Amino acid sequence: MRDDDASWDESVRLAVYQAFAGHGRAPTASELADAAGGSLAVAKQALHRLAAAHHLVLDEFEHVVLAHPFAARSFGFSVMGARTLWWGGCAWDSFAVPHLVEAEPEVLVATRCPGCERPHALVVGRAGPPDGAQVAHFLVPAARMWDDVLRTCGHQRLFCDESCVDEWLAATGQAKGYVLDLATLWRLARGWYAGRLERGYRRREPDGVVAYFAEAGLTGPFWAPGARV
């Protein structure tokens with residue numbers, strides 16, 4: 001098999017996601033090599049193709065930083081299940097974990113309000129959204145989310161309320177993005193990553209993205225995708 005053969009991509013993708021879902025960490029070099037027929041070089045080539053297709057995000061050392069909804073480092077959220085502790089990539093991702101990981105139907109999402117540093121802990125499960133007055137603020141519109149995905153994820157945060165959002169925006173000089181209540185955030189996260197832990201997963205095409213956002217109650221220019229989100 002040629003080293004540039006893409007036939008290992010799905011096995012490598014699954015190895016990445018299974019390591020995060022099951023252990024709360026990125027895969028080891030040996031796990032990646034095993035997934036690519038024993039070749040770490042082939043696995044690394046697969047990782048770069050997967051990153052180009054927006055299945056994951058690599059750093060400058062070819063390490064996986066994000067495999068949504070999982071992260072290899074802190075983006076401001078910890079997600080604690082009964083068996084596993086994860087870093088959540090953002091508010092959206094943190095709310096998605098119990099919907100994706102079958103063995104963890106309920107998690108504790110912990111974070112701090114960027115505006116006032118007040119700590120927040122929310123029990124997020126599959127049955128319905130958590131109670132609370134907190135809101136999520138998304139700074140970057142859907143069409144631009146992958147322009148700098150680390151910045152995007154770092155600015156999908158939970159705030160005490162909209163006044164904290166406004167104070168943070170004034171202090172940082174940022175333009176206001178989109179504010180979601182907890183119920184809307186939960187609907188957005190609920191099915192977004194469905195199938196990602198299974199072989200043959202395919203990302204949504206733009207029309208499917210629009211339909212999914214609309215079902216969650218999110219419409220308008222902010223939610224118009226320019227390509228696959």
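Asp-93 has its place in helix H4, which covers residues 91–100, and in this predicted model the residue is buried yet takes part in no salt bridge. The nearest side chain of opposite charge belongs to Arg-196, which is 6.9 Å away, whereas a salt bridge requires the nitrogen and the carboxyl oxygen to lie within 4 Å. What the side chain of Asp-93 does make is a polar contact with the side chain of Tyr-193, at 2.4 Å. Leaving aside residues up to four places away in sequence, Asp-93 touches His-68, Pro-69 and Tyr-193.

Seven strands form an open, antiparallel sheet in the order E1-E2-E3-E5-E4-E6-E7, and its edges are strand E1 (57–58) and strand E7 (119–125), each of which pairs on one side only. E1 pairs with strand E2 (residues 64–67) in the antiparallel sense over two bridges, and Leu-58 stands opposite Val-64 in E2.

Just after H1, Gly-24 takes a positive phi of about 75°.

In one of them the side chains of Asp-9 and Arg-49 meet at 2.7 Å, N to O; because Asp-9 lies in helix H1 and Arg-49 in helix H3, the pair ties together parts that are 40 residues apart in sequence. Asp-9 is buried, at a relative accessible area of 13%, while Arg-49 is partly exposed at 26%.

Another salt bridge joins the side chains of Glu-162 and Lys-176, again given as 2.7 Å, N to O, and links Glu-162 in helix H6 (residues 162–172) to Lys-176 in the loop between H6 and strand E10 (178–181), 14 residues apart. Lys-176 also forms a salt bridge with Asp-166, the closest N and O atoms being 2.9 Å apart; as Asp-166 lies in helix H6, this pair ties together parts that are ten residues apart in sequence. Through shared partners, Glu-162, Asp-166 and Lys-176 are joined into one network. Glu-162 is partly exposed, with a relative accessible area of 37%, Lys-176 is partly exposed at 40%, and Asp-166 counts as partly exposed at 38%.

Key
Residues numbered from 1 in each chain as written. Predicted model: local features only at pLDDT ≥ 70, side-chain atom pairs only at ≥ 80, totals over all residues. Heavy atoms only, no water. Helix = DSSP H or I, 4+ residues; strand = E, 2+ residues; numbered from the N terminus. Buried < 20%, exposed > 50% of the residue type's maximum accessible area, 1.4 Å probe, protein only. Lys, Arg positive; Asp, Glu negative; His and termini not counted. Polar contact = N/O pair within 3.5 Å; in protein donor to acceptor, adjacent residues only side chain to side chain. Contact = heavy atoms within 4.5 Å. Pairing = 2+ DSSP bridges.
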